[in-house]
Amino acid sequence: MSEGERSDGQKARLGMAMVALGAFGFGLLPIFLFEGYAMLPASITVLVFYTYPAFTLVIARVLFGVRIEPRMLGTIVLVVFAATLILAPDAIEFGLMPAVFVTFGAPLGYSLYLVCLSRIPSDVDPALRTLLLTTAAGLVAGAYTLLVEGGLTLPVSTAGWVSLAGMTLVTGIVGIMLVVVGASLAGSARAAVAGSGELVTVLAVGWLLFGEVVTVEAVLGAGLIFGAIVISLPRERPVGKT
C-alpha cells in the first residue's frame, strides 16, 4: 500500500470517527433540551443552552489539545452576558437546580458536535457529512425516545406532517449543512460564537413581524453578540512577521 493510499485511509477513518462522535453529541442535544423545557422556565433552558461556546473551548482543548485564545474567552463572556440580557431569565428556585444540571447535557452535546465537525477532513463531501450526521443523530435520538418514552409520537394531521417536513428540510438538513461547512472553515470556537447570532435573528423577527416590544436590554445584548463575533474573527498577520 502506498503512502498516499494509507493517508487516504487514515483520513477516511478519522472522518467516520468524527461523524459518529459528532452525531452522538448532536443526538443528545434535543434530548436534554426538551427535558429542560419540560422542567424549567423556557428562558432558563435557553440560557443554559447558550453556554455551549464555553464548552466548545473546553472540549476542543481536552480532546484535541487546541489552544484556548484569551480573546476567545472574552467573546464567550460577552455571549453569555448578552444572552442573559436578551432572555431576562426569572429567578430559579433551589429545588429546580437538578433540572438545570440535566439541561447542561444540551450544550455539552452540541459542543461535542461542533468540535467534531471542525475535525472532519475538508475533502469529505459536505452533503455526505450532512447525510451521515443527520442519520446517525436521528438514530441516537430515536433510540432514546423508544427506550425512555416507550414509543415515538407522530403528527396526526396534514398540517403537522407539512410542518415536520418543513422543519426537517429548512432547520434540519439545510441548517446542518451550513454548520458543517462553517465549522470546517472557521473552527469550532468561532462557529460557536457566530452561532449565538441566532438570538439576534429571533429578536429581529419578533420586532419586525410580531410587533414585540423593543427593550434597551435586548438591543444592548444584540450589540454585544455582534461585538463578540467581530472580536472572534481571525486576525491576519503582516507578511514576514510571526
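Modeller: Contact here means heavy atoms within 4.5 Å. The model is a predicted one.

Colleague: Leaving aside neighbours within four places in sequence, which residues is F32 in contact with?

Modeller: F32 has its place in helix α1, residues 3–39. Neighbours within four places in sequence are left aside. The contacts of F32 are then V102, T103, G105 and A106.

Colleague: Is F32 buried, partly exposed or exposed?

Modeller: Buried needs under 20% relative accessible area, and exposed needs over 50%. F32 has a relative accessible area of 26%. That value lies in between, so F32 is partly exposed.

Colleague: What separates the C-alpha atoms of F32 and L108?

Modeller: Along the chain, F32 and L108 are 76 residues apart.

Colleague: Which residues does Y110 touch, leaving aside neighbours within four places in sequence?

Modeller: Y110 is one of the residues with the most contacts inside the largest core. Beyond its sequence neighbours within four places, Y110 is in contact with G25, F26, L29, F49, Y52 and V179.

Colleague: How many residues are in the other core, the one with I76 and V79?

Modeller: This core lies apart from the largest one. Among its residues are I76, V79, A189 and V193. I76 and V79 are also among the buried residues of α4. The core's count is seven residues.

Colleague: What covers the buried residues of α4?

Modeller: Helix α4 runs over residues 70–87. Its buried residues include R71, M72, T75 and A82. The cover includes α2, α3, α9, α10 and α11.

Colleague: What span is expected for α4 at 1.5 Å a residue?

Modeller: Helix α4 has 18 residues. From first C-alpha to last, α4 reaches 26 Å. That is close to the expected span of 26 Å.

Colleague: Why are the buried residues of α10 on the same side?

Modeller: In α10, the buried residues are L199, V200, L203 and G206. They sit on the same side because they cover an arc of only 125° around the axis.

Colleague: Which residues are exposed on the other side of α10?

Modeller: The cover over the buried residues of α10 includes α4 and α11. On the other side of α10, the exposed residues are L208 and L209.

Colleague: Which residue with positive phi follows α10?

Modeller: After α4 comes A88, with a positive phi near 45°. After α10, phi is positive too, near 65°, and the residue is G211.

Key
Residues numbered from 1 in each chain as written. Predicted model: local features only at pLDDT ≥ 70, side-chain atom pairs only at ≥ 80, totals over all residues. Heavy atoms only, no water. Core = buried A, V, L, I, M, F, W, Y, C linked by side-chain atoms within 4.5 Å. Buried < 20%, exposed > 50% of the residue type's maximum accessible area, 1.4 Å probe, protein only. Helix = DSSP H or I, 4+ residues; strand = E, 2+ residues; numbered from the N terminus. Expected span 1.5 Å × (residues − 1). Arc of directions from axis to C-beta.
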